[in-house]
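Hello,

Here is the structure for you to look over. My notes on side-chain contacts follow below it.

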Amino acid sequence: MDDLTRARPESNSASCPAPMTEGDAERLAARLRALGHPARLAALRMLARRDCCPCGDIVRELPLAQSTVSEHLKVLLAAGLVSARPDGQRTHYQIDAEEVRRLKGDLDAFFDRLLPAPHARAERD
């Protein structure tokens, strides 16, 4: 059992989140890698301000070539953080709000597993 799946010995099962499986850890890591470039973060921020937007609008806002923006969007799409809808010769992108919420929850649970509960810290002090 690795550090990701081992339960904290000082926590009880009622308050401790379920252990993270190896598959869960791999999915979380893939989504975090997708967030690991400033251009992808900028694209997500832009998409958050708009319901849906074509790649060309993102290209106009970012100081990158169209092919580079498309590659970054492809990474975000593969991670499930955005969705794409073809519209003729254009593709419109939007944030997948449900997947972003799921990622936020997964990150919260991950950090909950790393940090002792506040009452456990108080008992140790």
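Start with Glu98 and Arg101, whose side chains meet in a salt bridge at 3.7 Å, N to O. Keep in mind that this is a predicted model. Both residues sit in helix α5, 3 residues apart, about one turn of the helix. Glu98 is partly exposed, at 46% relative accessible area. Arg101 is exposed, at 54%.

Within it, Asp106 and Arg31 form a salt bridge of 2.5 Å, N to O. That pair links distant parts of the chain: Asp106 is in helix α5 (residues 97-114), Arg31 is in helix α1, and 75 residues separate them. Arg31 is buried, with a relative accessible area of 7%. Asp106 is partly exposed, at 28%.

Helix α1 (residues 22-34) has a local pair too: Arg27 and Asp24, 3 residues apart, about one helical turn. They form a salt bridge, with the closest N and O atoms 2.6 Å apart. Arg27 is exposed, at 51% relative accessible area. Asp24 is partly exposed, at 32%.

The search of the whole structure finds 10 salt bridges.

Now the rings. The count comes to 1 aromatic pair. Phe110 and Phe111 make it, edge-to-face, 5.3 Å centre to centre with 75° between the planes. Why does the pair count as edge-to-face? Because the angle of 75° is over the 60 degrees required. Phe110 is buried, with a relative accessible area of 19%. Phe111 is partly exposed, at 44%.

Best wishes

Technical notes. Residues numbered from 1 in each chain as written. Predicted model: local features only at pLDDT ≥ 70, side-chain atom pairs only at ≥ 80, totals over all residues. Heavy atoms only, no water. Phe/Tyr/Trp six-rings, centres within 6.5 Å; stacked < 30°, edge-to-face > 60°. Buried < 20%, exposed > 50% of the residue type's maximum accessible area, 1.4 Å probe, protein only. Salt bridge = Lys/Arg side-chain N within 4 Å of Asp/Glu carboxyl O. Helix = DSSP H or I, 4+ residues; strand = E, 2+ residues; numbered from the N terminus.
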